[in-house]
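Please look over the sequence and the model first.

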Amino acid sequence: MSKVTKWQYSDLFEPRREKLVNLLLSEIIFLKSELKKASITEETKSLKNALNKLNYILNTLKNNDTELSDEDFDKVILIIYHVFQEIVNKLQR
């Protein structure tokens, strides 16, 4: 039972930096799989651009060993959100 509880609430105990790294890794994997499926040049270009941005954020987090404040955590989440919002807007055109 304790393992289930720990697994269920593990995100509450996980440091902010680790949460962001895990989020970025999963989003990068998702975008790479979508990139393989993309057939239109404009889609490919948008996905590559987003991948570059997310990789840059990920590398920045990897190089910075300090724990993030709530404000910095929120800023990075908003940046990731805006990257995906940009992709959606470009693909809807």
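Glu-71 is exposed, with a relative accessible area of 53%. Exposed means over 50% relative accessible area, buried under 20%, and partly exposed in between (1.4 Å probe, protein chains only). Salt bridges that share partners join Arg-16, Glu-67 and Asp-70 into one network. A salt bridge here is a side-chain nitrogen of Lys or Arg within 4 Å of a carboxyl oxygen of Asp or Glu.

This is a predicted model: local features need pLDDT of at least 70, side-chain atom pairs need pLDDT 80 or more, and totals for chains, interfaces and linings use all residues. Residues are numbered from 1 along each chain as its sequence is written, and side-chain values use heavy atoms, without hydrogens or water.

**Fold**

The protein has five helices and zero strands. Helices (H or I, at least four residues) and strands (E, at least two) are DSSP runs, numbered from the N terminus. Of its 93 residues, 24% count as buried. The accessible surface comes to about 7100 Å², and carbon and sulfur atoms hold 56% of that (Shrake-Rupley, 1.4 Å probe). Among contacts with a separation of 6 or more, 73% join residues 24 or more positions apart. Contact means heavy atoms within 4.5 Å.

**Salt bridges**

Side chains of opposite charge can pair when their charged atoms come close. The whole structure holds six salt bridges. Among them are these:

| Pair | Closest N to O distance |
|---|---|
| Arg-16 and Glu-67 | 3.9 Å |

Arg-16 forms a salt bridge with Glu-67. This pair links distant parts of the chain: Arg-16 is in helix α3, Glu-67 in the loop between α4 (41-63) and α5 (70-92), 51 residues apart. Arg-16 is partly exposed at 27%. Glu-67 is partly exposed at 44%.

Lys-37 and Glu-34 are about one helical turn apart, because they sit three residues apart in helix α3. Lys-37 is exposed at 62%, whereas Glu-34 is partly exposed at 26%. Lys-75 and Glu-71 are four residues apart in helix α5, so about one helical turn separates them. Lys-75 is partly exposed at 44%.

Leu-31 lies in helix α3. Its relative accessibility is 1%, so Leu-31 counts as buried. Beyond four places in sequence, Leu-31 touches Leu-47, Ala-50, Leu-51, Leu-54, Phe-84 and Ile-87. Leu-31 and Leu-51 are 6.8 Å apart, C-alpha to C-alpha, and 20 residues apart in sequence.

Arg-17 is also in helix α3 (residues 16-37). Arg-17 counts as buried at 19% relative accessibility. Its contacts beyond four places in sequence include Leu-61, Asp-65 and Leu-68.
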